[in-house]
Amino acid sequence: MTIRAQVAGVGHYLPERIVPNAEFEKTLDTSDEWIRSRSGIERRHFAAEGETTSDLATRAAQAALADAGLTVADIDALIVATSTPDLTFPSAATMVQARLGMEHGFAFDVQAVCAGFVYALANANALIVSGAAKRIMVIGAETFSRIMDWTDRGTCVLFGDGAGALILEAGEGNGTKDDRGVLSVDLHSDGRYRELLYVDGGVSTNSIGYLRMEGKEVFRHAVAKLAATAEAAMEKAGVDSSEIDWIVPHQANIRIIAGTAKKLGLPMSQVIVTVQDHGNTSAASIPMALSVGKAEGQIKPGDLVVTEAIGGGLAWGAVVVRW
């Protein structure tokens, strides 16, 4: 018998405020057509004044619990992937834990920017396989609207706010690629590329800072690295692209998504795409896309899913999971 971390439920939450591309035309030298043609983004959601990352994460967690038919008493641990926590400390995860009324278990944050959910999923999988926990809530939640430079048309039009949550639970498998659950993980980082995507402020520099990005360089690294990590994860799982039902990528840019799918030899009809509605929500994008994919009847039990993401660091990785 092999212990597998299997998907029990998924859910997401988006702030009420919807911001269409046209809204940026009022203050920037940009247009709806310019934004769509370069990113595929049509609209995004922004958190309301006073609405925090842990607020969004809590709503997504509640949706995932409802989807799984579970209560907070069934959860052993919470992991929140975020680069925009409410406070320097404590972790957003402990705030979610308290708001859910969870007085047991443990909770912590993971910070790997847009790759955060993949990293958090890898951590949850390891904890379950090791026997340290039986059921873990993994949440990606961001309020990137708080770190935008609203004069920089190359970045501020790309990002949005939101949260997605997925529950993993221990289940039995035979140790083959036909098992349900996480089949493989592939993670990487390379700090030499820090200047390509970063926030120019932080606690030890005594400043808040704004997001800065070298878009062309990020694009160049993204397609190659995402395809490579997805291929490595598939090799570890003992599967090839012909067996994959869905790619659920980080939703950063439609051209990156399409370029990666092409390198993997898979049609866009097998890619879950939500970037047009959500924009780039960093660590929240994959769990939100998984939730949307399930809700719309695309992802079904038994489907073989590859998730992959790249973010500041640079940090990148992929996970292969059978739904």
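Modeller: One definition to begin: contact means heavy atoms within 4.5 Å. This is a predicted model, where local features need pLDDT of at least 70, side-chain atom pairs count only at pLDDT 80 or more, and totals for chains, interfaces and linings use all residues. Residues are numbered from 1 along each chain as its sequence is written, and side-chain values use heavy atoms, with hydrogens and water left out.

Biologist: Which residues does A8 touch, not counting residues up to four places away in sequence?

Modeller: A8 lies in strand β1, residues 2-13. Strands (E, at least two residues) and helices (H or I, at least four) are DSSP runs, numbered from the N terminus. With those sequence neighbours set aside, A8 touches A68, I167 and E169.

Biologist: Why does A8 count as partly exposed?

Modeller: Buried means under 20% relative accessible area, exposed over 50%, and partly exposed in between (1.4 Å probe, protein chains only). A8 counts as partly exposed because its relative accessibility is 22%.

Biologist: What is the strand order in the open sheet of four strands?

Modeller: Two strands pair if DSSP finds at least two bridges between them. β8 (181-189) and β11 (246-249) are the edge strands, each pairing on one side only. Four bridges join β11 to β12, and these two run parallel. Pairing in the sheet is mixed, and the order is β8-β13-β12-β11.

Biologist: At about what angle to β8 does α5 run?

Modeller: Axes are lines fitted to C-alpha atoms, for helices over the stretch in contact, and angles run from 0 to 180 degrees between N-to-C directions. Helix α4 (residues 116-130) lies across β8, β12 and β13, at about 130° to β8. α5 also lies across β8, β12 and β13, and its angle to β8 is about 140°.
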